[in-house]
Every structure is written in C-alpha cells, then in structure tokens.
Amino acid sequence: MKFLSRLSGERGFWIIIVLILIALAVLGIEKAGLKPISLLEAALLAMTPLALTAVGECINEKAGVINIGLEGILLITAAVGVWGAELFGNGITGLLVGMVTGAFIGFLFGLVSVYGRADQVVAGMGINIFALGFVPYLLMAIWAFPGIHMFRRELMVRPMYTFFGRLSPVTAAAIVFTILAHILLHKTVLGFRIRAAGEKPEAADVAGVRIDRIRILTSTIGGALCGLGGAFLPLAWFGGVTKEMAAGRGFIALACVVFAGLEPLLALAAAFIFGFTEGFGYSVAITPGVKEVIPFYFVNMIPYITTLLVVTLFIGRRRFPAASGQPYSRE
Amino acid sequence: MKLPDVITRARPLFESLVTILIGLIAGALLMIPFGYDPLKAYPALFKGAFGSLSDIMETLAFATPLMLTAVTFAVGVKTGLFNIGAEGQMYLGAIGATAIAGLIPLPPGLHLAVATLFAMLLGALWALPPALLKIWRGVHEVISTIMFNWIATHLSMYIAIYYLAEPGRAERTVPALPSARYPILMEGSTLTAVILVALAFCVGVYIYLWGTKAGYELRLVGENPEAARYAGVDHRRALVLSFAIGGLAAGLAGASQIIGRPPTWSLYATLGNVTTLGFDGIGVALIGRNHPIGGVFAAILYGALQHGGRYMEYHAGVSSELVRAINGLIVIALAVPEVWAIISRRLKR
C-alpha cells in the first residue's frame with residue numbers, strides 16, 4: 001500500500017490523468033479506423049528502450065551518480081549488440097552482448113566518477129561525443145559500409161504472441177526489471193544503502209557502507225540496463241543499425257527519470273507515455289489521408305516536443321538526493 | 001623556475017596537451033583490434049594536416065565553425081550553464097544563410113552581410129526557448145537543448161527539401177549566389193574570409209566577457225550566483241544573454257559552412273555537411289579551457305585532426321570518424337581532475 005500512497009501524490013495524479021487520456025485516445029482511434037492493437041504494440045516497442053534506460057538511471061541517481069552519457073551507451077550497444085548477434089548467430093546473445101557492453105561502460109564511468117572524482121556531466125557528455133565518432137568508425141571497421149548496417153532477418157528477437165497482440169520478450173523483461181528495481185530500492189538493505197549513498201554519504205560511510213563500491217555497482221547496473229535497451233533497438237525493433245539510431249532516447253530517458261523523481265515504477269509509466277506518443281506518431285503517419293497532408297518530418301518531432309511539454313508542465317518542485325553528482329571521499 | 005612551478009603556471013595548456021596525448025593513445029588502442037596500424041595511420045594524419053601550405057589552409061577551414069560552436073559552449077559554462085544546443089542552433093543558421101544567399105538577390109557586399117546576420121539571428125532565436133524554459137520553469141538546459149537540437153534536425157531537413165531544394169537536384173539546396181559568397185583566401189583550398197569574421201567574433205566575445213560590465217555580471221552569475229544576487233545582478237538577463245551569444249556564434253558557424261565553404265556553397269538535404277559540428281565544439285571548448293581565445297587554438301588543433309583524418313582514411317584505411325571518438329575520449333580525460341593530481345605528485349617527487 002506504500003506504493004499507492006506514493007501514487008496519490010501530485011506526480012502520480014498527473015500520471016493517472018495522462019494514462020486515462022491515452023485510454024480515451026485509443027478508444028477514439030478505433031472509431032477513426034486505426035487499429036488500437038497495432039498502436040499499443042508500437043507504444044510498447046517505443047517504451048522499452050526508454051524504460052530500461054530510465055530505470056537503470058533511477059537506481060544510479062539514487063546512489064548519487066548522474067550519467068548523461070546514456071545516449072552514447074544506447075548508440076554503442078546498438079552497434080555492438082548487432083555485431084554480437086552476427087558473431088554468435090543469435091539475436092538473444094546479441095542482446096546479452098549489448099547488456100555486457102553497457103555494463104562495462106557503466107563500470108568504467110563508475111570508476112571515473114568515484115576514484116577519478118570526475119565532473120560527471122562532462123564525462124557523460126564525453127561518452128556521447130565518443131559514441132558519435134566510435135559508432136560510424138565501428139560500422140566501417142566491421143561491415144565496411146558508411147553509417148548503416150542491415151542484418152539478416154533470422155537474427156531478430158521474435159516477439160511473443162499474447163492475447164492483446166505481439167509483445168517483445170525484452171518489453172516483458174523491462175517491466176520485470178522495473179519491479180525488481182522498485183523492490184531493490186525500497187525493500188532491501190542494499191537499496192537502503194544505495195539511497196544513503198546518494199542522500200548522506202558521510203553518515204552512510206560512518207555506518208560502514210562502502211560508498212565507492214555502491215556507486216560503482218549502481219553505475220554498472222544502470223549501464224547494463226541501458227545496454228539492453230540499446231541492443232533492443234536494432235535486434236528487436238528496427239532490424240538494422242544506423243549511426244543516428246539513439247535519436248535522443250538517452251536524453252528522453254533522462255527526462256523520464258527527472259519526471260519520475262527517481263522512482264522506477266513512475267519512470268516506467270513516464271516511458272510508456274513517451275513511447276505512446278512516439279508510437280502514436282508512427283501510426284498516424286501511415287494513415288491514409290494523413291500521410292499526404294503532414295510531412296513525415298513533423299511526425300518525427302513528436303517525441304521531442306512531447307518531452308519538452310512534459311518537462312515544462314509537470315516538473316516543478318522535484319527533489320533530488322542531496323549528494324547527487326558530487327564525488328565523495330573521506331577527508 | 002623549477003619544473004613544478006612551470007607546471008603550475010602553464011597547467012591549463014599542459015593539461016590540454018596531455019589529454020590530447022591520452023586521447024591519441026586510446027585512439028591507437030581502438031585501431032589495433034580492427035587490424036589497423038596506428039604507426040601508419042598517425043603519420044598519415046599529421047602529414048595530411050600540416051604537409052603543405054594548402055593543407056594548413058584546409059585545417060583552418062575545418063577550424064572555422066568549430067571555434068564558433070566552442071564559443072557557444074564556453075559562454076554557457078561561464079554563466080554556469082551546460083548549453084549543448086549549438087548543434088540545432090547551427091542548423092538554423094545554415095538554413096537562414098541558405099535562404100538569404102540562395103533565393104534573395106541583393107547587391108554584393110550587402111548580400112553577404114544580410115545572409116550572415118540573418119543566420120546569426122536565427123541561431124540566437126533558436127537558443128531563446130531553452131533560456132526562457134530554464135528561467136520560467138526550471139527546465140534543465142541539458143534536456144531542453146537536446147530536444148531543440150532534434151526538432152531543429154527535422155525542421156531543417158523539411159525546410160531544405162520543401163522550400164530550398166535546387167530544382168532537379170534533390171540531394172542539396174540551391175547554392176549561394178556569387179554575391180553572397182565569402183572570397184576564397186587561397187586558390188586550391190576551401191578557406192574563405194569567413195574565418196576572419198569568426199576570429200573577430202571570438203575576440204569580440206572575449207572583450208565582452210572580460211572588458212564590459214555586462215560581461216562581468218555574466219561571469220559572476222556563473223562563478224558565484226550568491227554573490228551575483230547580493231550585487232543586484234539580474235540572473236535572468238544574464239542567462240538570456242548567455243544563450244543568445246551562444247546562438248549567434250552557432251548561427252555564424254552554420255552560415256560559415258554555406259556561404260563560406262566551397263565547393264558546394266549549399267546545404268545537403270541530409271544536413272551532412274554541418275552535422276556534429278555543434279557537438280565537436282563541446283570538446284573543442286573543453287580543450288580550450290572554456291575560453292573564447294583558447295577555443296580558437298583548440299579548434300585549429302581539432303581542425304587539423306579532422307582534415308588529417310581524411311588523409312588517414314585515404315592512405316591507412318582508418319575511418320576519419322575515429323577522430324571524433326578521440327575527441328570524446330579527450331573530453332572524458334579532461335573531466336577527471338585526479339589525473340592531474342597524480343601527474344603533478346609524480347613530477348614533484
């Protein structure tokens with residue numbers, strides 16, 4: 001019931017309102033001749049990378065580490081995931097390769113933030129810039145083709161057929177991970193230590209918590225989830241990898257994290273809202289009568305405009321861990 | 001002077017050079033697993049960058065937009081902002097320059113000036129919403145500027161294809177009319193007089209920040225917001241100014257690639273001849289220690305890597321995109337203060 005009381009707060013109220021509006025929109029769309037099932041499928045696909053990235057970052061920021069390099073991690077793991085899938089001839093293995101790569105980058109970022117006492121925002125931006133160059137370099141080095149690589153259809157991770165349409169196993173995993181993250185943060189001793197590391201590192205340190213290990217651990221978890229989201233993009237959604245694949249999703253996920261006030265369950269809801277608008281855009285864009293009138297360029301803007309609207313309207317007096325972004329060391 | 005003293009005084013320069021070295025070494029490590037030979041690639045890169053006079057001119061041509069997008073980021077940092085919106089503001093600048101230079105005939109001289117100023121104005125206008133969102137609603141500029149970058153990407157492609165396309169050639173916009181082109185400084189290179197405008201802009205920003213009261217207030221807001229409040233500085237005005245100056249710089253950077261860069265004198269419909277210049281500028285600004293003049297030298301260095309990178313791609317087969325990856329690694333290295341603590345401890349011993 002604790003969660004319900006949290007939901008009844010101001011932010012939860014808005015999320016419920018938006019979800020009701022989405023439900024109404026779906027009903028209206030059915031009247032207009034669009035298939036709500038395909039819209040829901042598109043929304044869940046678009047939600048998945050956002051949810052994985054945002055939930056990982058929630059855990060990370062709870063411990064006081066801010067990683068704005070998620071965009072870069074998504075991009076790198078998308079390319080590396082495809083490479084892994086081709087190497088092992090299996091899409092699922094590709095997802096794992098992406099996850100391990102993301103975990104490795106997160107681990108390095110943790111080392112740099114904790115022991116290097118780095119400016120986390122600058123280092124995170126460094127990851128993004130690195131990815132902007134490294135991914136096209138990788139595409140040339142591995143596949144000798146500039147900017148894009150399409151792989152064999154058999155490597156795609158197949159969706160599961162459920163009673164309400166197709167569902168990618170990664171989407172199901174994202175929902176499970178979200179619940180696990182919630183339990184981890186609120187029901188376990190480790191979760192208590194993670195929150196202490198972000199809120200009062202000095203006190204936690206005195207109580208015998210290894211702040212350095214906690215933060216490196218959360219950064220690694222965050223990287224792993226983000227890496228799964230990155231590998232999901234080509235392997236379970238688009239069927240190819242391009243050098244602009246991440247398309248701002250890392251930053252939209254950051255907006256989800258901020259919007260959710262670092263709560264994984266709310267981050268999932270936020271990711272669904274953003275995913276819905278993106279999927280809505282795709283569905284509308286291919287509708288006869290609409291696609292002739294509205295250029296596709298404007299449909300492409302929908303996720304970014306939505307993000308701006310949401311952060312503008314709903315983010316007021318949010319509160320963050322006291323020590324977020326601050327390196328910690330014993331004096 | 002003993003060695004440690006020299007290091008303390010020249011520390012910023014020293015740090016930048018060491019991080020560049022770290023970046024190049026890490027870049028070599030990225031080449032080896034893919035079967036490239038760094039000992040072949042790097043000499044090719046440096047020969048390509050500085051091998052002849054025309055190569056040096058070319059390096060400067062690459063440096064021109066970068067010193068400007070570096071100013072965008074640097075002015076932001078001076079005001080306590082992490083303004084990563086140069087990319088989108090630059091696209092709008094490129095669109096503005098293309099529209100005026102390609103479609104509206106004006107007398108020579110005036111045409112050039114109007115195209116340049118309009119591009120800068122559009123860049124500044126695109127920078128304003130993130131500033132206002134930050135002031136009114138506390139929206140963090142990292143999120144808002146990135147979103148505006150992506151909106152600018154699609155908007156610019158739309159305008160380029162629907163309104164500015166050259167008839168019969170879908171892949172690019174109408175080229176700038178000859179009356180709106182900056183004169184080429186040396187035959188056989190793509191360096192034009194736009195670099196003089198860019199340098200003047202950088203110097204102007206430097207004078208503004210360190211020589212005027214408004215510039216001082218801007219820096220005060222960045223360095224010590226509390227003190228600024230006590231001194232009665234309007235921090236909202238400082239934020240708007242900071243974003244606007246950044247937008248002007250980015251807009252000029254976009255224009256420099258259209259009306260100041262042969263042989264195309266136009267914008268590709270994919271935006272391919274301007275993409276990533278804004279993000280590259282972040283790395284350049286950090287290497288230049290977030291200083292407008294430092295950024296000029298860093299831009300020349302990075303321009304050399306970029307121009308040399310093409311030569312490296314041709315002669316050693318290594319994709320020139322690796323240079324951008326190296327830039328990212330340099331940024332990460334610059335973010336880590338402990339590196340310097342360790343190095344100076346070693347040297348003092």
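Trainee: How many salt bridges are there between chain A and chain B?

Mentor: Before counting, note that this is a predicted model, in which local features need pLDDT of at least 70 and side-chain atom pairs count only at pLDDT 80 or more, whereas totals for chains, interfaces and linings use all residues. Residues are numbered from 1 along each chain as its sequence is written, chains are lettered from A and ligands numbered from 1 in the order in which they are written, and side-chain values use heavy atoms, with hydrogens and water left out. A salt bridge is a side-chain nitrogen of Lys or Arg within 4 Å of a carboxyl oxygen of Asp or Glu. By that rule the count between chain A and chain B is zero.

Trainee: How many residue pairs are in polar contact across the interface of chain A and chain B?

Mentor: A polar contact is a pair of N or O atoms within 3.5 Å; within protein, one must be able to donate a hydrogen and the other to accept it, and residues adjacent in sequence count only if both atoms are side-chain atoms. With both residues at pLDDT 80 or more, the number of pairs found across the interface of chain A and chain B is four.

Trainee: What area is buried between chain A and chain B?

Mentor: Contact means heavy atoms within 4.5 Å, and it takes 47 residues from chain A and 44 residues from chain B. Buried area is the accessible area (1.4 Å probe) that two parts lose on being put together, summed over both. Carbon and sulfur atoms give 81% of the area buried between chain A and chain B, which is about 3900 Å².

Trainee: Which element gives the largest share of the side of chain A that touches chain B?

Mentor: Helices (H or I, at least four residues) and strands (E, at least two) are DSSP runs, numbered from the N terminus. The elements giving two or more residues to this side are α6 (120-143), α11 (249-259) and α13 (296-314) of chain A. The largest share, 17 residues, comes from α6(A).

Trainee: How many residues on the side of chain A that touches chain B are nonpolar?

Mentor: Ala, Val, Leu, Ile, Met, Phe, Trp, Tyr, Cys and Pro count as nonpolar, Asp, Glu, Lys and Arg as charged, and the others, Gly among them, as polar. Beside seven polar and five charged residues on that side of chain A, the nonpolar number 35.

Trainee: Where do A:E263 and A:K62 lie?

Mentor: Their side chains meet in a salt bridge (3.1 Å, N to O), and A:E263 is buried, as is A:K62. The pair links distant parts of the chain, 201 residues apart: A:E263 is in the loop between α11 and α12 (264-285) of chain A, and A:K62 is in helix α3 of chain A.

Trainee: Which residues does B:D280 touch, leaving out those up to four places away in sequence?

Mentor: B:D280 lies in helix α12 of chain B and is buried, with a relative accessible area of 0%. The residues touched by B:D280 are B:L66, B:Y302, B:Q306, B:R324 and B:N327.

Trainee: Is B:T264 buried or exposed?

Mentor: B:T264 lies in the loop between α11 (235-258) and α12 (277-287) of chain B. Not counting residues up to four places away in sequence, B:T264 touches B:R172, B:P175 and B:N273. Because its relative accessible area is 15%, B:T264 counts as buried.

Technical notes. Buried < 20%, exposed > 50% of the residue type's maximum accessible area, 1.4 Å probe, protein only.
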